[in-house]
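Please look at the sequence and the model below. The paragraphs that follow go through its pockets and then the packing of its helices.

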Amino acid sequence: MARTHLIAALLATGVAVGMLAPIARPDFSAATAAETVVGLPPPALDPPSTASSDTAILAGGCFWGVQGVFQHVKGVTSAVSGYAGGDRAAARYGTVRSGATGHAEAVRITYDPRQISYGRLLQIFFSVVHDPTQQDRQGPDVGPQYRSAIMPAGEAQRRVAAAYIAQLGKARAWPRPIVTRIEPGKAFFPAEPYHQDYLARHPDQFYIRVNDLPKIAALRQAFPSLYRARPVLVAG
């Protein structure tokens, strides 16, 4: 059973996710983090922004882990899990999980361009957040709602994203081609409250420990100057 289907079933029956059978906490060592990191150069095209605040929308599989990583990045002031790529009426977890709505599980990242650039966010996205060569899936989660996608907020972001994908493709950073889609003009709809801050609230949940905590360790290892221990949470 896919991750989302399992958790939804537990929620629907009133079983607390945190009450899943306990498993000994793994040691997320530097070696584990190293397996998650893909060493990538920063974007060659990354013009500075004059704004005091900007947003980025990124989709890279289950939004629990994507949100969790960016909540630990310095300069990020908010990271909200949600749905992008489809219409408002269908932007509900129970519908999106069918894979037929056009949505992707995505995260809207609000950041201070004076502290971190859009290009650096993309570098983190490709380096530690997900595998951009997996078509319509990430790890155990399968379906177009788990696709790798960038929803640029405007032409400037679209150019940076397209140039970086081309740069990484030319560098052959992965043995398989990058399948990340650039999807401009897509609205973002926040996910249900129980999806927000999921990694921070359920660090002992089995899926989080296996699939997402290594990404946090990888962020800390690969981007120590951008890592912050205390995450910025939707709950405040």
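By class, 7 nonpolar, 3 polar and 2 charged residues make up the lining of the second largest pocket. In this count Ala, Val, Leu, Ile, Met, Phe, Trp, Tyr, Cys and Pro are nonpolar, Asp, Glu, Lys and Arg are charged, and the others, Gly among them, are polar. The model is predicted, so local features need pLDDT of at least 70 and side-chain atom pairs count only at pLDDT 80 or more, while totals for chains, interfaces and linings use all residues. Residues are numbered from 1 along each chain as its sequence is written, and side-chain values use heavy atoms, with hydrogens and water left out.

The second largest pocket holds about 190 Å³ of space. A pocket here is found on a 1 Å grid over the protein atoms alone, with a 1.4 Å probe, as an open set of points with protein on both sides within 12 Å along at least five of seven lines; lining residues have an atom within 4 Å of a point. Grid points are joined across faces, edges and corners, and a volume is the space filled by probe spheres set on the points. The residues lining the second largest pocket include Asp-46, Pro-47, Tyr-111, Tyr-118 and Val-160. Helix H6 (residues 155–171) gives the most to this lining, with 3 residues. Helices are DSSP runs (H or I, at least four residues), numbered from the N terminus.

The largest pocket has a volume of about 370 Å³. It is lined by 25 residues, of which Thr-36, His-130, Asp-131, Gln-138 and Lys-215 are the closest to its centre. The elements that give two or more residues to this lining are helix H2 (30–36), H5 and helix H8 (206–222). H8 gives the most, with 6 residues. By class, the lining of the largest pocket divides into 10 nonpolar, 10 polar and 5 charged residues.

Next comes the packing of the helices. H5 and H6 have axes 10 Å apart and pack at an angle of about 40°, which makes H5 oblique to H6. Axes are lines fitted to C-alpha atoms, for helices over the stretch in contact, and angles run from 0 to 180 degrees between N-to-C directions. Angles under 35 degrees count as roughly parallel, over 145 as roughly antiparallel, 65 to 115 as roughly perpendicular and the rest as oblique. Residues of H5 that meet H6 include Tyr-118, Leu-122 and Phe-126, and those of H6 include Gln-157, Val-160 and Leu-168; contact means heavy atoms within 4.5 Å. The residues of this contact are 8 nonpolar, 3 polar and no charged.

Helix H3 (residues 63–70) also meets helix H5 (residues 118–129): their axes come within 11 Å and cross at roughly 130°. H3 is therefore oblique to H5. On the H3 side are Val-66, Val-69 and Phe-70, and on the H5 side are Leu-121, Ile-124, Phe-125, Val-128 and Val-129. This contact of H3 with H5 has 8 nonpolar, no polar and no charged residues.

H3 packs with H8 as well, at an angle of about 25° and with the axes 9 Å apart. These two helices are therefore roughly parallel to each other. Trp-64, Gly-65, Gly-68 and Val-69 of H3 make the contact with Tyr-207, Ile-208, Asp-212, Lys-215, Ile-216 and Leu-219 of H8. By class, the contact of H3 with H8 has 6 nonpolar, 2 polar and 2 charged residues.
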